[in-house]
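Please walk me through this structure. Start with a charged side chain, then move on to helix packing and the surface.

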Amino acid sequence: MRYSQPISSRALSPRVALGLTAVSNFIGPLIFGVAVANTIGHEVVAADTISTQVLLAALASAILWNLLTWYLGFPSSSSHALIGGFVGAVVPAAGWQAIHLPGIEKILIALFASPIIGLVFGFITLRIILLLSWKATPRINKFFRRIQVVTAIALSLSHGTNDAQKTMGIITLALV
């Protein structure tokens with residue numbers, strides 16, 4: 001995550017950036033809903049097959065996978081490691097019938113589509129910014145510092161809406 005960018009460019013002080021990030025992460029699911037938590041909690045595996053042992057095995061395998069990929073320098077997704085951990089723990093405990101394929105398909109579509117969508121939107125956004133600031137004076141830096149606050153809020157809201165909901169899904173599974 002690039003939360004440090006507004007700090008290093010002095011658009012925000014560290015204290016303000018941390019507070020803004022914390023509030024935005026908390027508000028994200030309240031604004032945009034809890035679809036990620038629902039997917040993890042209800043659409044991947046049958047909730048009645050989750051026991052404490054299965055939950056611990058899923059979490060341990062996801063953590064070990066993340067540590068291994070980070071150590072080896074491979075790019076990895078904690079979200080997908082968690083889903084793989086749940087599938088890998090549920091299959092020996094309850095069999096393949098406990099896996100909900102539509103939920104897995106939804107995750108696989110997002111896995112492959114999101115980098116492509118991000119690349120296209122990032123490219124278009126960069127081209128628009130370059131076009132609009134082509135002959136700008138150095139005063140444009142003041143605008144870019146201010147807009148970093150907006151992008152920091154958007155990133156934090158997105159993180160709260162997506163990644164932070166993994167924990168909500170795990171808690172849902174643990175409580176069920």
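Lys 106 is partly exposed, at 40% relative accessible area. Partly exposed lies between buried, under 20%, and exposed, over 50% (1.4 Å probe, protein chains only). The model is predicted: local features need pLDDT of at least 70, side-chain atom pairs count only at pLDDT 80 or more, and totals for chains, interfaces and linings use all residues. Residues are numbered from 1 along each chain as its sequence is written, and side-chain values use heavy atoms, leaving out hydrogens and water.

Lys 106 forms a salt bridge with Glu 43, 2.7 Å from N to O. The term requires a side-chain nitrogen of Lys or Arg within 4 Å of a carboxyl oxygen of Asp or Glu. The pair links distant parts of the chain: Lys 106 sits in helix 6 (residues 101–132), Glu 43 in helix 3, 63 residues apart. Helices are DSSP runs of H or I, at least four residues, numbered from the N terminus. Glu 43 is also partly exposed, at 29%. The whole structure holds one salt bridge.

Helix 3 (residues 35–43) also packs on helix 8 (residues 165–175), at about 35 degrees with axes 8 Å apart. Axes are lines fitted to C-alpha atoms over the stretch in contact, and angles run from 0 to 180 degrees between N-to-C directions. Residues in contact (heavy atoms within 4.5 Å) include Ile 40 in helix 3 and Met 168 in helix 8.

Leu 30 lies in helix 2 (residues 14–32). Leu 30 counts as exposed because its relative accessibility is 64%.

Methods. Helix = DSSP H or I, 4+ residues; strand = E, 2+ residues; numbered from the N terminus.
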